[in-house]
Amino acid sequence: MRSALMLLVLPAVLATVLSACADSGGSTGGADAGPDPVDAVRAATTERAQQAIPLVAEALGATAVQAHGQWQSCMAISWRYEAFATVEAAAGETAAQLEQVRSALVDAGWADATQVEGHVTVERDDTTVDVQPTPARGRRAWTVSVTSSCADYDGDDLERVENDEPREISGV
């Protein structure tokens, strides 16, 4: 009796799980899938980086900014797009500089999500910006990371994100 019941319930559970996975934002491909999810996430994250990185650079009195973007693995099971910048800040007291960065980003509409001392973390939509001093890269070096949320990709989209090469981000 239990085996017969399992045979009746199992297909319904499997259909529910597959439907939930298809609705979770992952790529399903197909002609009617709408805009290319890989390009859309990369474009949105790059656009937000082009907005946030100059604000950080200005708040820090930065003299040099280098920015690149590339797909990164999220714990080897999904993917996110990350724009990564290194800025050379003017001399200053780190705590005051962190507060200037936080203020500049919050004033521009980002929500403060800082949880780690020595960082500024802000969020908007599905994008997170994290800013921190990085003395290992140089005496006045700071890093700015702008990342999308993690998502699953499959088929051609998965191949594209797995084989993505870093690209320079202009406009920062």
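**Overall layout.** I counted four helices and seven strands in the protein chain, taking helices (H or I, at least four residues) and strands (E, at least two) as DSSP runs numbered from the N terminus. Along the sequence I read the pattern α-α-β-β-α-β-β-β-β-α-β. I am working on a predicted model, where local features need pLDDT of at least 70 and side-chain atom pairs count only at pLDDT 80 or more, while totals for chains, interfaces and linings use all residues. My numbering runs from 1 along each chain as its sequence is written, and side-chain values use heavy atoms, with hydrogens and water left out.

**Chain totals.** I looked up burial next: 32% of the 172 residues count as buried, where buried means under 20% relative accessible area, exposed over 50%, and partly exposed in between (1.4 Å probe, protein chains only). The protein chain exposes about 10300 Å², with carbon and sulfur atoms supplying 54% of that; the areas come from the Shrake-Rupley method with a 1.4 Å probe, and for residues only the protein chains shown count as cover. For contacts I used heavy atoms within 4.5 Å. Of the contacts between residues at least 6 apart in sequence, 59% join residues at least 24 apart.

**The sheet.** In what order do the seven strands of the open sheet come? I get E3-E4-E5-E6-E2-E1-E7, with antiparallel pairing. Strands E3 (111-112) and E7 (167-168) are at the edges with a single partner strand each, so one side of each has no neighbour in the sheet. Here I call two strands paired if DSSP finds at least two bridges between them.

I then checked what helix H2 (residues 37-60) lies across: E1, strand E2 (78-88), strand E4 (120-124), strand E5 (127-133), strand E6 (141-148) and E7. It runs at about 150° to E6, with axes being lines fitted to C-alpha atoms (for helices over the stretch in contact) and angles running from 0 to 180 degrees between N-to-C directions.

**Thr127.** I picked this one in strand E5. Is Thr127 buried or exposed? Its relative accessibility is 1%, so I log Thr127 as buried. Leaving out residues up to four places away in sequence, Thr127 touches Arg48, Trp110, Val122, Val146 and Thr147. With Arg48 there is also a side-chain polar contact of 2.8 Å. My rule for that is a pair of N or O atoms within 3.5 Å; within protein, one must be able to donate a hydrogen and the other to accept it, and residues adjacent in sequence count only if both atoms are side-chain atoms.

**Salt bridges.** Rule first: a side-chain nitrogen of Lys or Arg within 4 Å of a carboxyl oxygen of Asp or Glu. That gives me nine salt bridges. In the one between Asp36 and Arg160, the closest N and O atoms are 2.5 Å apart. Asp36 sits in the loop between helix H1 (2-22) and H2, and Arg160 in helix H4 (residues 155-162), so this pair ties together parts 124 residues apart in sequence. Asp36 is partly exposed at 27% relative accessible area, and Arg160 is partly exposed at 34%.

Arg160 also bridges to Asp157, closest N and O atoms 3.8 Å apart. Both lie in H4, three residues apart, about one turn of the helix. Asp157 is buried at 10%. I noted a network of salt bridges linking Asp36, Asp39, Arg42, Asp157 and Arg160.

Last entry: Arg167 forms a salt bridge with Asp164, closest N and O atoms 2.5 Å apart. Arg167 is partly exposed at 30% relative accessible area, whereas Asp164 is buried at 9%.
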